[in-house]
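Subject: Structure handover

Hello,

Please find the structure below, with notes on what was found in it after that.

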Amino acid sequence: MTDRILSLRRQLQEWSARPANKKMLAQDQEAQLRESLGDPKRRPQVYLAAWMLGTWKLGVGLGRVLEGDGDGFDEARVGQALRRCSLLLRERHQGPGQRRAGATKLPFSRLHGAWTALLGLALHDPGADPLYGLLRDEPESTFAEGEHMPLFVRELLALHAGQRPTLTPRLGPYHEALMHWHGDGRVFAQRLADLLDLHLEGTQGAGAPFDDIPCKLYPVEALAVRAVRDWLELPTPKIDHPLMHTNLGQMQPTRPWPQDELVRRLEQELQRR
């Protein structure tokens, strides 16, 4: 497991240091976003540019935290806000005619929604409540077999809202963690550590639950659980897992949520529609 973490760490370092990635994901997407914002005909470009630029900032920012630079949380939080705005704008611009009975109403992938919700909880995103509501309201029947992690996120968001979660076998390996939410702390901690084992197994391959550069080494589900339990004034037991022993598991943001011009403009776009 330690070898896997070291390998993922090298991948993140190489990804962040590659000039072509910086040009394509940061410089080009920022230019695209500035050119496209406010033009209804270029909405798809806004969605994509905000998501890609957000991915860059999240990955680079969390990479800085991994190396011990706590200021990287500011960059990561801006990236989180960009990706959150990308998803919310997609949903806002979706017409009622595109919402078919019996099909998911979300105009973005469930994995994208789940990653953004987990990161929002872990990073204490003050603007994520509308996204949480969208994901929380998705009917269980619309989840495909094998969508264990997004369904877990739905139930975690239900707990965050003070609701009772639905403990269904469709949660797969996540069922046990929720079953022990109010149980023995040592058992609950072990179930969360088991989920982090699954996290590491799910970092490769298209459609893998954690095949997202910012999430690969960030124990985001454990930190999201802790954030929800803090919100509910419940203690969270110590989780003994290698992902929790890195700076990403040990360090937390200490400053207020950062301000960013592009995020402000995207949020204004959301308010206008």
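The largest pocket holds about 240 Å³ of space. This is a predicted model, in which local features need pLDDT of at least 70 and side-chain atom pairs count only at pLDDT 80 or more, while totals for chains, interfaces and linings use all residues. Residues are numbered from 1 along each chain as its sequence is written, and side-chain values use heavy atoms, with hydrogens and water left out.

Pockets and cavities were found on a 1 Å grid over the protein atoms alone: a cavity is a set of points where a 1.4 Å probe fits but cannot get out, a pocket is an open set with protein on both sides within 12 Å along at least five of seven lines, and lining residues have an atom within 4 Å of a point. Grid points are joined across faces, edges and corners, and a volume is the space filled by probe spheres set on the points. Helices are DSSP runs (H or I, at least four residues), numbered from the N terminus.

The lining of the largest pocket includes His124, Asp125, Arg136, His160 and Trp231. H5, helix H6 (129–136) and helix H10 (220–231) each supply at least two lining residues, and H6 has the largest share, with three. By class, this lining has six nonpolar, three polar and three charged residues (Ala, Val, Leu, Ile, Met, Phe, Trp, Tyr, Cys and Pro count as nonpolar, Asp, Glu, Lys and Arg as charged, and the others, Gly among them, as polar).

There are three cavities of 30 Å³ or more. The largest has a volume of about 80 Å³, and among its lining residues are Leu8, Gln11, Ile213 and Lys216. Helix H1 (2–17) and helix H3 (43–66) each give two or more residues to that lining; H1 gives the most, three. The second largest cavity, of about 70 Å³, has Arg110, Glu138, Phe143 and Arg154 among its lining residues. Helix H5 (110–123) and helix H7 (148–160) each give two or more residues there.

Last, the helix pair. The axes (lines fitted to C-alpha atoms over the stretch in contact, with angles from 0 to 180 degrees between N-to-C directions) of helix H4 (residues 72–92) and helix H12 (residues 261–272) come within 10 Å and cross at roughly 20 degrees. H4 is therefore roughly parallel to H12 (angles under 35 degrees). Residues in contact (heavy atoms within 4.5 Å) include Leu82 and Arg84 in H4, and Leu266 and Glu267 in H12. The contact of H4 with H12 has ten nonpolar, no polar and four charged residues.

Regards

Terms used. Angles under 35 degrees count as roughly parallel, over 145 as roughly antiparallel, 65 to 115 as roughly perpendicular and the rest as oblique.
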